[in-house]
Amino acid sequence: MKVVLLTESEKESLIGQLIQSDLYFNPILDCNDNWIISTEEVNNSIYVEHEWIKSIPLIDWCPPIEPPFPPIK
Amino acid sequence: MINWGGKQWRPGNPNRRQPVNQSVSELMKPLGEKFNRGNVWVPIIMDVPQETSVSNITPSPTPTNTVTPTNTGTPTSTPTNTGTPTSTPTNTQTPTNTGTPTQTATNTPTNTGTPTSTPTNTQTPTNTGTPTQTATNTPTNTGTPTNTPTPSSIASGTTQAQAYLRAVVDAGGTGITSTVSAATITLFTSLVSNNLWDKMSAFYPMLGGNSAGCKFNGKNPVDSNAAYRLSFTGGWTFNSSGATSNGTNAYSNTFFYPSGTTLGNQHLSVYLGNNNAPSGSGKAYIGSSDSNGSYFVIGQDGAPEWFYGVSTNGGSSPGGTPSTQGLLLASATGSTSASTSIALYRNGSIVTNTNQNSVVDRLSVYLGAFNNDGTASQFYNNQYRFSTLGLGLTAAQVSTLSTIINTFQTSLGRNTY
């Protein structure tokens, strides 16, 4: 699976921004502490000021190590 | 002394003496007849005053008509319309949206004829405006919020269904056909007639084919956090079957706080489209957990095995591989005592039942992940076709609710059982 790699400033510029009506960007860290967004967010984006995310190279998705669930048993 | 011609008396006047030979009838005639030889109108006709110009006349005072007519008749005219209206509207408008679309259409046509128009919606908005942030993605919980009561005690549910559908359409939702409308009205009226309406704090039919339509709570279709409107974040995709989370970074905040309802009397559910129980670190289909160790969640651990809790301390892992397709529902009924019966159901049938300690869960519930003390975690990939939040349900009520929801899904062609 591919994801979109972001710089720190690109990540900051997307936080709180709309992908489309009632849908927001959610940059997260991958296993290598890279900021990424999903390809679904890129494909759903409709605003011209976010067109730049469609030209960013993709990288392979490396899931972060999630805490065990449930943490309390 | 007056002298009357040398006499001391007034002399008579012989010229005024009446003729003695006139008869009584002659004496009775008008004087004009006698002077004008029998024509009494001569002095009148000949005495017409000269005409006066009316241009200089100024009437004074101005007369005021104060007569108020009173119609006491009864009209009996009965018009008969023999025409046949043949208006056939043709919509040729091709809108070009250059801003942030805000659909506010309120036109509600009343079609009494047999419409033959087959509209084709080809609108593809191209937004060039600057979106404005209207929500905060990372909520900060600083207290114990109280859930705002939603309207209850309604007559049939039809009006509420129509209000919900109107909200979906007005927000830009699509695919609300007559079939979908009828299924939705049946859904709402069935919830009311089976006394389940007041058990719901929120339920999400996931209609509209996009985030703007899927966000609405059927119980209170208002675009606000207080109305438990969904706020979608991350990698979601939408279509007529519902909302699909990507399992990477997608989640949706319901703004429903379990602490706002009665402890030990709560439920939560999701209707999922696919069987997906990956092994690994565990997944949360819906839920929240705060720092005091409480869980309001349906999910799985990494084995994978079921994991669920309804405002419970530690939750429960009863074992068994999750089968996630269909309606998954967890409910607590009874009391707030240290040992509350918490049951997990799938498609209306009980999966397991355990006693758990009730505690307060103070965080809002997420879909597609769980709210882990303020951070979205354990992202999960599946298609969300329905979800409910509210008061505790008995086994019989769960069975009824399962039938109602699945009937709705069947009408829409997206049922799983």
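Modeller: A salt bridge here is a side-chain nitrogen of Lys or Arg within 4 Å of a carboxyl oxygen of Asp or Glu. This is a predicted model, so local features need pLDDT of at least 70 and side-chain atom pairs count only at pLDDT 80 or more, while totals for chains, interfaces and linings use all residues. Residues are numbered from 1 along each chain as its sequence is written, chains are lettered from A and ligands numbered from 1 in the order in which they are written, and side-chain values use heavy atoms, with hydrogens and water left out.

Biologist: How many salt bridges over all chains?

Modeller: The count comes to nine.

Biologist: And how many across the interface of chain A and chain B?

Modeller: One. Asp22(A) pairs with Lys215(B), N to O 2.9 Å.

Biologist: What else does Lys215(B) bridge to?

Modeller: Asp223(B), with the closest N and O atoms 2.9 Å apart. A network of salt bridges links Asp22(A), Lys215(B), Asp223(B) and Arg229(B).

Biologist: Is Lys215(B) buried or exposed?

Modeller: Buried, at 3% relative accessibility. Buried means under 20% relative accessible area, exposed over 50%, and partly exposed in between, using a 1.4 Å probe and protein chains only. Asp223(B) is partly exposed at 45%.

Biologist: How much area do chain A and chain B bury between them?

Modeller: About 3,000 Å², with 54% of it on carbon and sulfur atoms. Buried area is the accessible area (1.4 Å probe) that two parts lose on being put together, summed over both. In terms of contact (heavy atoms within 4.5 Å), 32 residues of chain A touch 44 residues of chain B.

Biologist: Which elements of chain A give two or more residues to that side?

Modeller: Strand 2 (18-20), strand 3 (23-24), strand 5 and helix 2 (39-44). Helices (H or I, at least four residues) and strands (E, at least two) are DSSP runs, numbered from the N terminus.

Biologist: Back to salt bridges. What does Glu8(A) pair with?

Modeller: Lys11(A), at 3.2 Å between the closest N and O atoms. Both sit in helix 1 (residues 8-14) of chain A, three residues apart, about one turn of the helix. Lys11(A) also meets Glu12(A) in a salt bridge, N to O 2.6 Å. Lys11(A) is buried at 6%, Glu8(A) is partly exposed at 46%, and Glu12(A) is partly exposed at 47%.

Biologist: How many disulfides over all chains?

Modeller: One, taking a disulfide as a pair of cysteine sulfur atoms within 2.5 Å. Cys31(A) is joined to Cys62(A), S to S 1.6 Å.

Biologist: Which parts does the pair tie together?

Modeller: Cys31(A) is in the loop between strand 4 (28-29) and strand 5 (35-38) of chain A, and Cys62(A) is in the segment after strand 6 (58-60), so the tied parts are 31 residues apart in sequence. The torsion about the S-S bond is about 110°, so the disulfide is right-handed. Cys31(A) is partly exposed at 30%, and Cys62(A) is partly exposed at 26%.

Biologist: Next topic. Which residues have the most contacts inside the largest nonpolar core?

Modeller: Tyr285(B), Tyr384(B) and Leu389(B), in a core of 42 residues. A nonpolar core is a set of buried Ala, Val, Leu, Ile, Met, Phe, Trp, Tyr and Cys residues joined through side-chain atoms within 4.5 Å. Another core, of 29 residues, lies apart from it and includes Val168(B) and Leu329(B).
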